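Colleague: Can you put the model up and walk me through it? I have a few questions.

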Amino acid sequence: MSETPAVSRRLLLGGAVATGALAAGMSSAAPAAAAATGQAPRRRPGQKSMIGVPFEAHRTVRVGVIGLGNRGAGMVEGWAAVPGCTVTAVCDIRADRARRAADRLVSKGKPRPAEYGGSAGSYARMLRRDDIDLVYVATPWEFHHEHGRAALLSGRHAVVELPVATELRELWDLVDTSERTRRHLLLAENCSYGRNELAMLRMAHAGVFGDITNGHGGYLHDLRELLFSDTYYTDSWRRLWHTRSTASLYPMHGLAPIAAAMDVNRGDRMATLSATATAPKGLADYRERFVPRDHPSWKETYINGDLVTCLIETERGRVVRAEHDVSSPRPYSRINTLAGSRGIVEDYTGPSPTGARVYLEPDHGGHTWRDFADYRKEYDHWLWRKVGDDAANNGGHGGMDYVLQWRTVQLMRAGLVPDIDVYDSAAWCAAVPLSAASLERQGRPVEIPDFTRGAWAGRRPGLDSDPTEMPPVG
């Protein structure tokens, strides 16, 4: 919501995104130092885990939205379409965006939300309202921690777009603030609700792949045209991240579904991460060929590698490879591969309507891939069976946006435990600062904090949930 802050030399060198150890905002030097090294800061007296804590039941879920750029504006109508949910307030530093969002809801026959905007502090004024239960944050990455934390401190639950924070000390701060306020904060990881991803998760839990040994996920999306657009990313905020640090800036779409299939934080945990990065060639090459010489981007130097790869080892000996590349010419892929002692699934591989292929023993032989379609039908998640048709009509990204929104509202209205919690959110997003830290150490492994503070070993439900109903409206 505020203007992009000045970039310090330390951030340019990757240090701030790697640790944030010297940044302001921690309650004392000791917690800051612990967070910077990956150690778990001590809980304050009376502070307790949020694992297994249900939402309080809501008759209606009232949503306030912070950030109405491309992502936020695109999600507003989805929230309003979910049964028992209403958007009561919208906010953006640019007041005209709030007005346009409100106008669109009215055109859909929805109540007009209150509008906030015009200054960096507009969101704080919105949070003083008494008719908001859930805050949805879709601002540029550098503001996610500030806005998510403010939502928790105002007594609201928060759904925050990727990543929830970019520094380790910020991730710990969100965990601690959630525990102190007894309010949930969760990553808006829509890909965790993808149809293929949820079917893969259920297959893993059914033992179809045998003992899971490894997975591969990523975010491989040619964003070059959008990154150099003067209108798509306001103030070029996303392109500017490529001038600040060498890091895996956005790996969660591929990492989170694999982590869920491996029961990370539910019987296993991510223990170490090592990173590699290719040379930063793609953005400069694109600029050379397609961007006029008077464009502001010609004053920029791109330092982030085109392909940044994280190799993550879990406590139980599994391996995850997570990739991020938005600077190279290539078709879109989240990779979405899971393998075990009895077979493998690979997504984004060919002409099948599902886009995926499998090889599973004893069903298959002859070293020949088979179509994923029959398996997806058999292991289709109940959420897609229930709201798949609505999802296609009310949400982007193939409907998984709406499935995320529908499920969040259902959990809150029914008073259930969230599928994704603050510990999952922090662990998945830790790849951002930790990849920078590993690359600063020439790719040597770095420890991944245990945000659960020892509770990771316990089995508990998550995205592979039992079927439940949306409470009736009225």
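Predicted model: local features only at pLDDT ≥ 70, side-chain atom pairs only at ≥ 80, totals over all residues.

Colleague: Start with α5. How many residues does α5 have, and how far does it reach?

Modeller: Helix α5 covers residues 95–107, which is 13 residues. From first C-alpha to last it reaches 19 Å, close to the 18 Å expected at 1.5 Å a residue.

Colleague: Which residues of α5 are buried?

Modeller: Arg97, Ala98, Ala101, Ala102 and Leu105 are the buried ones. Seen down the axis of α5, the buried residues fall within an arc of 135°, so they line one face of the helix.

Colleague: What covers the buried residues of α5?

Modeller: The cover includes α4 (70–81), β2 (85–92) and β3 (114–117).

Colleague: And what comes just after α5?

Modeller: Gly109, which takes a positive phi of about 85°.

Colleague: Switching to the sheet. In what order do the nine strands run?

Modeller: The order is β14-β13-β12-β11-β7-β10-β9-β8-β15, in an open sheet with mixed pairing. At the edges stand β14 (370–371) and β15 (446–447), each with a single partner strand, so one side of each has no neighbour in the sheet.

Colleague: Do β11 and β12 pair parallel or antiparallel?

Modeller: Antiparallel: β11 (residues 337–340) and β12 (residues 343–347) pair over four bridges. Leu338 stands opposite Val345 in β12.

Colleague: Now the largest nonpolar core. Which residues touch the most other members?

Modeller: Of its 131 residues, those are Trp79, Tyr136, Leu171, Phe209, Leu273, Leu338 and Phe451. Helix α16 (residues 400–414) gives the largest share of this core, eight residues.

Colleague: What is Tyr136 in contact with, leaving aside neighbours within four places in sequence?

Modeller: Among its contacts are Val63, Val65, Ile66, Met75, Trp79, Val159 and Ala188. Arg71 and Glu161 are also in contact with Tyr136.

Colleague: Is Ser438 buried or exposed?

Modeller: Ser438 is at 0% relative accessibility, so it counts as buried. It is found in helix α18 (residues 431–440). Leaving aside neighbours within four places in sequence, Ser438 is in contact with Leu273, Ser274, Ala275, Gly443, Arg444 and Val446.

Colleague: Last one, Gly46. Where does Gly46 lie?

Modeller: Gly46 lies in the loop between α3 (29–37) and β1 (61–66). Its relative accessible area is 72%, so Gly46 is exposed. Gly46 and Tyr286 are 54 Å apart in space, C-alpha to C-alpha, and 240 residues apart in sequence.

Terms used
Residues numbered from 1 in each chain as written. Heavy atoms only, no water. Helix = DSSP H or I, 4+ residues; strand = E, 2+ residues; numbered from the N terminus. Expected span 1.5 Å × (residues − 1). Buried < 20%, exposed > 50% of the residue type's maximum accessible area, 1.4 Å probe, protein only. Arc of directions from axis to C-beta. Contact = heavy atoms within 4.5 Å. Pairing = 2+ DSSP bridges. Core = buried A, V, L, I, M, F, W, Y, C linked by side-chain atoms within 4.5 Å.
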